[in-house]
Amino acid sequence: MKVARSIDLPISTIRYYEQIGIITDEYVVRDQNNYRVYTSDIIHHLNVVKHCLAVGFSIREIQSMISKNGISKDEHVNLIQKKIAEIEAAQQKLNESKQKLYDILSSNIICEKGFGKY
């Protein structure tokens, strides 16, 4: 499938996106043999979806954005700020976990006598 190759997505993913509404009817037409034919805008649409997934939006969040069929600039900014806050919270949690691991290393725990024994 030409679209799958050009956007570097498996055909199964494209079909799944159709089933769950990520690819809406506006991007799909049927030819005389009832085969799917995608509009030229599908490439841009799927690139936006891929970028949203790459920065941490879930499929459900993307579905929600698509189902609104347009959002205001304020809503857009709010969604992005919310995602930034989620990423910052995750970074903080990872930093805390990393520090705890450094603390364990510095405590000189030796596991040769059993887990957590000196």
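Contact here means heavy atoms within 4.5 Å, and helices (H or I, at least four residues) and strands (E, at least two) are DSSP runs numbered from the N terminus. The model is predicted, so local features need pLDDT of at least 70 and side-chain atom pairs count only at pLDDT 80 or more, while totals for chains, interfaces and linings use all residues. Residues are numbered from 1 along each chain as its sequence is written, and side-chain values use heavy atoms, with hydrogens and water left out.

**View 1. Helix H3 and its buried face.** The buried residues of H3 (residues 42-54) are Ile 42, His 45, Leu 46, Val 49 and Cys 52, where buried means under 20% relative accessible area, exposed over 50% and partly exposed in between (1.4 Å probe, protein chains only). Seen down the helix axis, these residues fall within an arc of 115°, taken from the directions from the axis to the C-beta atoms, so they line one face of H3. Their cover includes helix H1 (2-7), helix H2 (11-20), strand S2 (36-38) and helix H4 (59-67), whereas the face turned away from the buried side carries the exposed His 44, His 51 and Ala 54.

View 2. Arg 36 forms a salt bridge (a side-chain nitrogen of Lys or Arg within 4 Å of a carboxyl oxygen of Asp or Glu) with Glu 18, their closest N and O atoms being 3.0 Å apart. Because Arg 36 lies in S2 and Glu 18 in H2, the pair ties together parts that are 18 residues apart in sequence.

View 3. Glu 86 pairs with Lys 83 at 2.7 Å between the closest N and O atoms; Lys 83 is buried, with a relative accessible area of 7%.

Conventions: The expected span of a helix is 1.5 Å times one less than its number of residues.
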